[in-house]
2 protein chains.
Amino acid sequence: MKDKVTIYDISKKLNISAATVSRALNNNTKISLSTRELVLKTAKEMNYKQNRLAQALKSGKSNNVGVIVPYINRSFFSSVIRGIEEELTPHGYHVIICQTHENYKNEIEQINTLINTQIDGIFMSVSKTTINTEHIEKALAEGTPLVFFDRKKEVPGVSSVIIDDFKAGYLATQQLIGQGCKRIAHLSGDLNLEIYKNRHDGYTKALEDNNLEVDSNYIIKTNSKIESGASAIEELWKLKKKPDAIFSASDYTALGAIQELKKMGLKIPKDICVTGFSNEPFTKYMELPISTVDQTPQTMGKIAAQVFLEQMGENKKVSIEKKVVLTPELIIRESSNRSIKPVSA
Amino acid sequence: MKDKVTIYDISKKLNISAATVSRALNNNTKISLSTRELVLKTAKEMNYKQNRLAQALKSGKSNNVGVIVPYINRSFFSSVIRGIEEELTPHGYHVIICQTHENYKNEIEQINTLINTQIDGIFMSVSKTTINTEHIEKALAEGTPLVFFDRKKEVPGVSSVIIDDFKAGYLATQQLIGQGCKRIAHLSGDLNLEIYKNRHDGYTKALEDNNLEVDSNYIIKTNSKIESGASAIEELWKLKKKPDAIFSASDYTALGAIQELKKMGLKIPKDICVTGFSNEPFTKYMELPISTVDQTPQTMGKIAAQVFLEQMGENKKVSIEKKVVLTPELIIRESSNRSIKPVSA
């Protein structure tokens with residue numbers, strides 16, 4: 001493979017500085033006309049190609065898209081990214097990724113960074129701490145199409161691909177009720193975030209539909225960390241009536257809960273059933289595989305990418321707004337299934 | 001959606017050349033003062049924003065760095081990225097991430113993408129299929145500093161931060177020998193990759209130092225996938241003398257091996273000890289926690305970032321080449337520790 005000719009090659013050949021070559025190529029009037037002409041002629045002879053970015057600045061298209069997620073190391077997010085890549089790579093797009101670590105300020109910075117790299121579009125799942133949408137509106141105002149996935153905000157003109165979290169919460173709770181559980185606790189996420197609110201609402205609706213009491217003592221706010229699941233169990237076990245099932249809005253919290261329950265000598269699923277959320281790979285690997293909700297992340301990524309491509313294909317002056325809602329899949333494993341005889345028992 | 005305002009829009013509106021607009025915006029004195037004023041006023045009215053990228057093209061500094069990894073969803077890589085972010089964010093850098101999926105062609109594309117977004121530096125761990133280093137040399141030739149971490153190639157002028165994989169392989173094998181194991185199999189990675197070669201060499205050296213035979217039948221090439229670990233066990237169990245320990249160069253392969261061994265009714269660590277590699281979180285979560293090697297990824301990321309900062313601080317014309325080798329940490333858990341009485345047994 002022949003190396004691409006760079007400004008350094010031209011600089012070497014003409015024995016002038018690379019900076020001068022660069023300025024000359026950009027037709028900077030600080031450089032004498034004769035030098036500019038010489039550089040351009042030499043560049044042409046050497047088959048120099050001005051970089052794609054410089055061209056992007058002119059054409060307004062870089063063929064790069066950005067994805068902003070809270071964390072890259074959550075299976076859900078990395079799988080959505082995989083779906084986006086699979087759909088967009090054949091169309092010549094490159095995917096670059098930023099993570100916010102759930103930090104609103106980072107999110108603003110990341111959006112600016114992506115816009116400044118002349119991105120053609122942004123896919124994002126908002127951070128838990130995102131309090132307003134000015135940074136998103138700014139991206140739109142600058143002409144950068146944006147697609148939300150999973151965690152969205154209401155911003156006019158922005159398409160979104162989400163799953164039906166209400167249904168997911170309902171299905172998971174209904175399954176626990178089907179196992180004979182009557183005191184189902186919910187380890188919730190931050191209810192200011194739509195996804196967690198909907199999971200919570202699905203949970204309470206399933207209880208109501210089955211004439212079971214919704215007891216606020218059974219709803220513990222957690223933060224998707226393992227430790228948070230363990231301390232939620234500690235809190236619940238201070239109650240007079242202990243729960244006989246846990247529906248957790250996160251797999252990590254479910255794992256922490258299971259670890260704590262085992263420490264206390266409880267048998268799962270016999271004494272208590274547990275269901276998590278997200279289908280993190282470890283839920284399957286455990287010796288006691290954990291029931292969970294699969295959010296079909298690769299499909300979500302693919303559809304988000306398709307929505308973006310549609311938007312790019314149309315006259316960009318027309319604003320298209322699509323709201324896609326995917327159906328979650330409840331995966332019933334040993335941790336909430338009393339009819340399976342555990343292999344290791 | 002409104003298209004982004006470019007200098008071409010301003011040029012059209014004022015019926016002057018784009019070059020004149022550009023120069024006026026850059027306050028070039030070759031342009032008359034009245035024209036400069038008119039352009040600035042119009043730009044303001046049209047809500048034109050000179051983008052940081054265009055400025056970066058001039059200043060040669062974007063404050064963005066890129067990280068290229070095989071997969072974002074391996075705990076090792078996401079933790080290195082975290083380390084890089086923690087070190088660079090306070091210095092005003094933004095980190096953007098690309099994944100190659102172990103595909104050499106993707107890697108070339110990603111490097112080009114990053115260079116074209118005027119990145120200030122690249123951190124990378126090369127893909128398994130990377131056959132030559134022209135794309136890396138090209139990045140260097142264009143003046144983009146590059147730091148390898150974990151998986152490197154020999155490229156003059158490129159610094160690297162790695163762990164002592166030989167020592168890791170040696171320590172892990174030595175510990176298995178210490179448990180009384182005499183027929184230790186090795187599930188290796190691709191030996192063309194330095195890291196896997198070194199883990200393998202550490203393994204054989206430990207055997208030799210303990211007067212144990214190195215039997216090539218006990219060395220099975222695997223691909224870091226769970227299934228690969230299961231099929232390695234199938235292969236090993238065709239041998240007359242079955243192994244009494246497994247040292248796997250990957251946690252995922254170790255997990256697959258453990259699942260297969262359990263299916264066959266073997267007790268771990270009583271009948272056979274197993275040690276993995278990378279300290280993936282699931283190794284700790286398992287009911288039978290898996291011994292593994294911690295590669296201190298956040299430290300690796302931080303040091304890689306420090307090497308980059310040093311390079312940026314110096315006169316960039318001076319090439320500094322640093323080779324940092326970190327010491328791995330063997331984490332002994334139940335899967336290879338016969339002195340711990342398992343809680344659940």
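Reader: Is the crossing of α5(B) and α13(B) left-handed or right-handed?

Author: The crossing of α5(B) and α13(B) is right-handed. The rule is this: a crossing is left-handed if the near helix is turned anticlockwise from the far one by less than a right angle, and right-handed if clockwise. Helices here (H or I, at least four residues) and strands (E, at least two) are DSSP runs, numbered from the N terminus. Some ground rules: this is a predicted model, where local features need pLDDT of at least 70, side-chain atom pairs count only at pLDDT 80 or more, and totals for chains, interfaces and linings use all residues. Residues are numbered from 1 along each chain as its sequence is written, chains are lettered from A and ligands numbered from 1 in the order in which they are written, and side-chain values use heavy atoms, with hydrogens and water left out.

Reader: How do I describe two packed helices?

Author: Two numbers do it: the angle between their axes and the distance between the axes. Axes are lines fitted to C-alpha atoms, for helices over the stretch in contact, and angles run from 0 to 180 degrees between N-to-C directions. Take helix α5 (residues 75–88) of chain B: α5(B) packs on α13(B) at about 45 degrees, with axes 7 Å apart. That angle makes α5(B) oblique to α13(B). Angles under 35 degrees count as roughly parallel, over 145 as roughly antiparallel, 65 to 115 as roughly perpendicular and the rest as oblique.

Reader: Which residues meet where α5(B) and α13(B) pack?

Author: Contact means heavy atoms within 4.5 Å. From α5(B) the residues include B:F76, B:V80 and B:I84. From α13(B) they include B:P297, B:M300 and B:L309. The contact divides into 9 nonpolar, 5 polar and 4 charged residues. For these classes, Ala, Val, Leu, Ile, Met, Phe, Trp, Tyr, Cys and Pro count as nonpolar, Asp, Glu, Lys and Arg as charged, and the others, Gly among them, as polar.

Reader: At what angle do α10(B) and α11(B) cross?

Author: Roughly 50 degrees, and their axes come within 6 Å. α10(B) is therefore oblique to α11(B). The crossing is right-handed. Among the residues that meet are B:I226, B:G229 and B:I233 in α10(B), and B:Y252, B:G256 and B:E260 in α11(B). By class, this contact has 7 nonpolar, 5 polar and 2 charged residues.

Reader: Which residues of α10 in chain A are buried?

Author: Buried means under 20% relative accessible area, exposed over 50%, partly exposed in between (1.4 Å probe, protein chains only). In helix α10 (residues 226–236) of chain A, the buried ones are A:I226, A:S228, A:G229, A:A230, A:A232, A:I233 and A:L236. They pack against β6, β7, β8 and α11 of chain A, together with α12 (281–285) of chain B. B:P281 lies in helix α12 of chain B. B:P281 is partly exposed, at 32%.

Reader: What is A:P297 in contact with, apart from its neighbours within four places in sequence?

Author: A:F76, A:S79 and A:V80. A:P297 lies in helix α13 (residues 297–313) of chain A. A:P297 is buried, with a relative accessible area of 11%. Sequence and space can be compared here: A:P297 and A:S79 are 218 residues apart in sequence, and 5.5 Å apart in space, C-alpha to C-alpha.

Reader: Is B:E260 buried or exposed?

Author: B:E260 is buried, at 12% relative accessibility. B:E260 forms a salt bridge with B:K263, the closest N and O atoms being 3.8 Å apart. B:K263 is exposed, at 69%. Both lie in helix α11 (residues 251–263) of chain B, 3 residues apart.

Reader: Where do B:E310 and B:K322 lie?

Author: These two form a salt bridge, with the closest N and O atoms 3.0 Å apart. B:E310 lies in helix α13 of chain B and B:K322 in the loop between α13 and β11, so the pair ties together parts that are 12 residues apart in sequence. B:E310 is partly exposed, at 35%.

Definitions and conventions
A salt bridge is a side-chain nitrogen of Lys or Arg within 4 Å of a carboxyl oxygen of Asp or Glu.
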